[in-house]
Amino acid sequence: CPQGRRKQIPIRQMSDAEVQRLRVLVRGAVQGVGFRPFVHGLARGLGLGGWVRNTGAGVEIEAEGTGERLREFLARIEGERPENAVVQSVEVAWLGLAGLGEFRIAESVGGGKSALILPDIATCAECLREILDPSDRRHRYPFTNCTHCGPRFSIIEGIPYDRASTTMRGFAMCPECRREYEDPADRRFHAQPNACPACGPRLALWDAAGREIGTGDAALRAACEAIRGGMIVAVKGLGGFHLMADARDEAAVGRLRGLKDREEKPFALMAPSAEAIGELCELSGEELRLLRSPAAPIVLLARRAGVSGVCDVVAPGNPCLGVMLPYTPLHHLMLRELGFPVVATSGNAARSEEHTSELQSRITI
């Protein structure tokens, strides 16, 4: 989407010193990216009164202050917007004074549902640091997220984008998560999927009979042991399941091909790190940037000659490999635990009932 197109509706000339009131409607993918906290902090820093809220159309703002400060406010909304925000248009109107008080985040309102919702966003560097820090309260918590990353499209059930309109509404935030959510200085300020081990979703391991055989970190480690042992594990990520198997294990990958009824089509790989990918494939700076981007896509890369880090049946006769990096805390934790590339293919049901039944008999997380 094109960024920063502004449709202005000027009512009168605005002087630098005169106090005036401004209404702004920002359209685009501006919900679920920390846009309201960004506007809140910007407005307070400029000494403006007013409010910001989500609507069915995007983000609506009313701000009151001097002409000089309001012009700076508008310029910085577009110039400093959150990294993952996509601004399609900024519509501006000048209104009469209303004596707006201290700037706040107001309750969302419905209306025409035209706001765009972002796809899920790969784990940010700060959240990754937390899950790897033994002293952090989210150490090894596989559902860590913040306003810069985590689930969006896969959990939303309606707009405006608020926790009550997501699948997270059933998880009441603990006092510490609530404090983060309500603190304008915290990067989890109004992060709708905010959670921690005390109040959020948990990890579980299930056997073929549907029995829960492990929870929490023990479930994760047991699933990794199953992959090391040549088993196929169904791992619930954002929006669906991956079937994972050791990419070095020809028997395991061959068995997965049989279950998927997929004779030769290449399988995608997930690798523990960019360094691990660089050992398998030629990797340019642009390709590395794509792999590490918030979208965390599968990138098609040329294989290095003579490298045997994955078995031939992953991509038979193909000079390239489709590779991705971990994009959720769960994937990061599993791939660090394993230390080698895995096949990560979709968990869509195979075409025959026999194949489907056999797939369902595998371990799942």
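## Strand E14 and its partners

In E14, Val 343 is the bridge partner of Ala 245. This pair belongs to the antiparallel arrangement of E10 (241-246) and E14 (342-346), which are joined by 5 bridges. Val 343 of E14 is also the bridge partner of Leu 269. E11 (269-270) and E14 pair in the antiparallel sense as well, over 2 bridges. Two strands count as paired if DSSP finds at least two bridges between them. Helices (H or I, at least four residues) and strands (E, at least two) are DSSP runs, numbered from the N terminus.

Of the 5 residues of E14, 4 are buried, so the strand is largely enclosed by the rest of the structure. Buried means under 20% relative accessible area, exposed over 50%, and partly exposed in between (1.4 Å probe, protein chains only).

## Model and overall content

This is a predicted model, in which local features need pLDDT of at least 70 and side-chain atom pairs count only at pLDDT 80 or more, while totals for chains, interfaces and linings use all residues. Residues are numbered from 1 along each chain as its sequence is written, and side-chain values use heavy atoms, with hydrogens and water left out.

The chain holds 10 helices and 15 strands. Of its 365 residues, 51% count as buried. Among contacts (heavy atoms within 4.5 Å) with a separation of 6 or more, 73% are between residues 24 or more positions apart.

## Helix H9 and its crossing with H5

In H9 (residues 329-338), 8 of the 10 residues are buried, so the helix is largely enclosed by the rest of the structure. The buried residues are Pro 329, Leu 330, His 331, His 332, Leu 333, Met 334, Leu 335 and Leu 338. Their cover includes helices H3 (125-131) and H5, together with strands E9 (233-236), E10, E11 and E14. Gly 339 follows H9 and has a positive phi, near 80 degrees.

The axes of H5 (residues 216-228) and H9 come within 10 Å and cross at roughly 50 degrees. Axes are lines fitted to C-alpha atoms, for helices over the stretch in contact, and angles run from 0 to 180 degrees between N-to-C directions. The two helices are therefore oblique to each other; angles under 35 degrees count as roughly parallel, over 145 as roughly antiparallel, 65 to 115 as roughly perpendicular and the rest as oblique.

H5 contributes Leu 220, Arg 221, Ala 223, Cys 224, Ile 227 and Arg 228 to the contact, and H9 contributes Leu 330, Leu 333, Met 334, Glu 337 and Leu 338. These residues divide into 8 nonpolar, no polar and 3 charged. Ala, Val, Leu, Ile, Met, Phe, Trp, Tyr, Cys and Pro count as nonpolar, Asp, Glu, Lys and Arg as charged, and the others, Gly among them, as polar.

## Helix H1

H1 (residues 35-45) has 8 buried residues out of 11, so this helix is largely enclosed by the rest of the structure. Phe 35, Arg 36, Pro 37, Phe 38, Val 39, His 40, Leu 42 and Ala 43 are the buried ones. Covering elements include strands E2 (19-29), E3 (49-54), E4 (59-66), E5 (86-95) and E6 (104-105), and helix H2 (67-79). After H1 comes Gly 47, with a positive phi near 75 degrees.

Most residues other than glycine have a negative phi. His 190, in the loop between H4 (175-182) and E7 (204-206), has a positive phi near 60 degrees. Ala 296 has a positive phi near 45 degrees and is found in the loop between H8 (285-291) and E12 (299-302). At 9% relative accessibility, Ala 296 counts as buried.
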